[in-house]
Amino acid sequence: MIVGVSARQMQVAEKPLLDRGVALMARASRGLAQCVVQVVRQRCGQVAGARVVVLVGQGNNGGDALFAAALLARLPMSVTVALVGERCHGDGLAAVRASQAVVVTPSDGAEVVALCAGVDVVVDGIVGIGARGAVRGLAGDALASWSARTRRDGDPVWVAVDVPSGVDASSGEVADARRTVHADVTVTFGVAKTGLLVAPGALSAGRVQVVDIGVDVGEWDVVSVVGGDLGPGGLWGWLWELPAATDHKYTRGVVGVDAGSAVYPGAGVLAARAAAACGVGMVRYEGDREVAGVVASVAPHVVSARGRAQARVVGSGQEPDDAVAERVRHAMSAGAPTVLDAGALGVLDRSFALSEQMVLTPHAGELAGLLMAFGVEVTRAQVEARPLWAARCAAEVTGATVVLKGVTPVIAGPGVTYVQPIEDARVSRLATAGSGDVLAGVLGAALARLVAVKADAVGATDIAGAVACGVLTHQLAALQGGDGPLTASDLVAHIPAAIAMVCAS
């Protein structure tokens, strides 16, 4: 797993070490300098002759950058330190002045932009993890000017110190994208910060490298499941494992799917096929009769009969109406974990006594409508700007487990939050019609496997974790099959390969 912490959690974890006189800044600056050297070698092929500009503001991140600059100046490269804050770390500045680095104090943003143009690497040490809001002053003016430029071949690689300036380390919120560093690499210390794992901050972080500085963080803010967690010996290695010799279809998990409609029959097909592709023992199609015929024609392994199920999927491809509301209530009364998608989300309000067993899968617009139905005034734009807050708020007011779909899905349940960023840009191929229906089926399968394996021991954190594993599996399926366009049917076909990949890792 990858864990993320808030700025406050990191500060609390660091305090005992700082009180004992442990030189955390020295450890951080050495790690930062080593990472910058790696970036320089990747870009230039060698260190000699490379040109590095270090932007330094106030705060400890500026101190880390200053000490790193002093170390880099020992190498055969050109190092320029630009002081862009009202003040800076005194000891760090003294170390730089005692080195071969050049120290400048720009008079305006245009001078900062001119310093950055044409160099190999720019190190962002403008503000620290405790900063909130947009970058101000001449550094903010410089970032706004840089953002307005057309990206050019030969532009420098931007390396952020701990968190890109302008990104809220604890939430990933970005007050002004123009006055924010959009890093290619972020070198973070001790543990990844929450804001590096959740949008929109994750989109400005680039590749995240964690430097171990010896800090023991006992409390986490968010967690991300990774492929190794689903492999042999991993925390969730049992989720998709092949059947044992004594298994039969009922021990593998049964998923009931009530999805699709006369208008959107494909949603039922996709959800049912996706659940079956995950290796559960049985998928029952429990929706409209007309859709059942379509499902049977393309997926004869799906059983068109109601019956016992360890998990259910309701609402994909359906319009929110009284009939769907009744289907939701029926699923709730059955007592099995249930994925509520699309039309099922549109009928929810305070009259539904939801629990963490009910897994809601909205996109940003649907979540805004859901929150409004539960008395929280919010817009889609606000959800997109604050996805971590929005998902947690929805989980709190509804009592359900919430999956906010997006570029970095957020899974919020009682006492636990998962975020599932993925580095490979090909995951954006999920922005295609029907991929949400596929996700609903995968989540239904993950929940059925959870119940089949853990039975009465399933808790709220287990449900959130299984859902996070399902979200990751959905993402990994999108990475199969090369770089070409992807349809939802292709996505279903890639699920077995994605599961085989993680099970073999």
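**Reading burial, pairs and cores**

Author: Start with one residue of this predicted model: D221 has a relative accessible area of 17%, so it counts as buried.

Reader: What is the cut-off for buried?

Author: A residue is called buried under 20% relative accessible area, exposed over 50%, and partly exposed in between.

Reader: With which residue does D221 form a salt bridge?

Author: The general idea comes first. Side chains of opposite charge can pair when their charged atoms come close. In this structure D221 pairs with R392, and their closest N and O atoms are 2.9 Å apart. R392 is partly exposed, because its relative accessible area is 30%.

Reader: How many salt bridges does the structure hold?

Author: There are 15. Some of them share partners, and R43, R51 and D120 are joined in this way into one network.

Reader: Where do D19 and K15 lie, and what separates them?

Author: Both are in helix α1 (residues 7–19), and because they are four residues apart, about one helical turn separates them. D19 is exposed, at 55% relative accessible area, and K15 is partly exposed, at 49%.

Reader: Are K193 and D162 buried or exposed?

Author: Both K193 and D162 are buried. They form a salt bridge whose closest N and O atoms are 3.0 Å apart. K193 is in strand β8 and D162 in the loop between β6 and β7, so this pair ties together parts 31 residues apart in sequence.

Reader: What is the phi of D162?

Author: Phi is a backbone angle to read with the residue type beside it. D162 has a positive phi of about 70°, although it is not a glycine. A342 has a positive phi as well, near 50°, and is likewise a residue other than glycine. The loop between β14 (338–340) and β15 (358–360) holds A342, which is partly exposed at 23% relative accessible area.

Reader: Which peptide bond is cis?

Author: The bond from A199 to P200 is cis, with omega near 0°. P200 lies in the loop between β8 (192–193) and α7 (202–205). The backbone nitrogen of A199 is 2.7 Å from a polar atom of the T408 side chain. T408 itself is in the loop between β16 (401–404) and β17 (410–413), and is buried at 6% relative accessible area. Among the residues T408 touches beyond four places in sequence are L197, Q420 and P421.

Reader: Which residues touch the most other members of the largest nonpolar core?

Author: A core is read by its members and their contacts. The largest one here has 66 residues, and W240, V438, V467 and I495 touch the most other members. Helix α15 (residues 460–478) gives the most to this core, with 11 residues. Apart from it lies another core of 54 residues, including V5 and V161. V438 touches, among others, L270, H474 and I495, leaving out residues up to four places away in sequence.

Reader: Which residues form a nonpolar patch on the surface?

Author: M1, W220 and L235 do, with about 310 Å² of accessible area together. M1 lies in the segment before β1 (2–5), and counts as partly exposed at 38% relative accessibility.

How values were computed:
Residues are numbered from 1 along each chain as its sequence is written. This is a predicted model: local features need pLDDT of at least 70, side-chain atom pairs count only at pLDDT 80 or more; totals for chains, interfaces and linings use all residues. Side-chain values use heavy atoms; hydrogens and water are left out. Patches are made of residues with over 30% relative accessible area and no salt bridge: like charges are joined within 9 Å, nonpolar side chains (Val, Leu, Ile, Met, Phe, Trp, Tyr) within 5 Å. Accessible areas come from the Shrake-Rupley method with a 1.4 Å probe; for residues, only the protein chains shown count as cover. A salt bridge is a side-chain nitrogen of Lys or Arg within 4 Å of a carboxyl oxygen of Asp or Glu. Helices (H or I, at least four residues) and strands (E, at least two) are DSSP runs, numbered from the N terminus. Buried means under 20% relative accessible area, exposed over 50%, partly exposed in between (1.4 Å probe, protein chains only). A nonpolar core is a set of buried Ala, Val, Leu, Ile, Met, Phe, Trp, Tyr and Cys residues joined through side-chain atoms within 4.5 Å. Contact means heavy atoms within 4.5 Å. A polar contact is a pair of N or O atoms within 3.5 Å; within protein, one must be able to donate a hydrogen and the other to accept it, and residues adjacent in sequence count only if both atoms are side-chain atoms.
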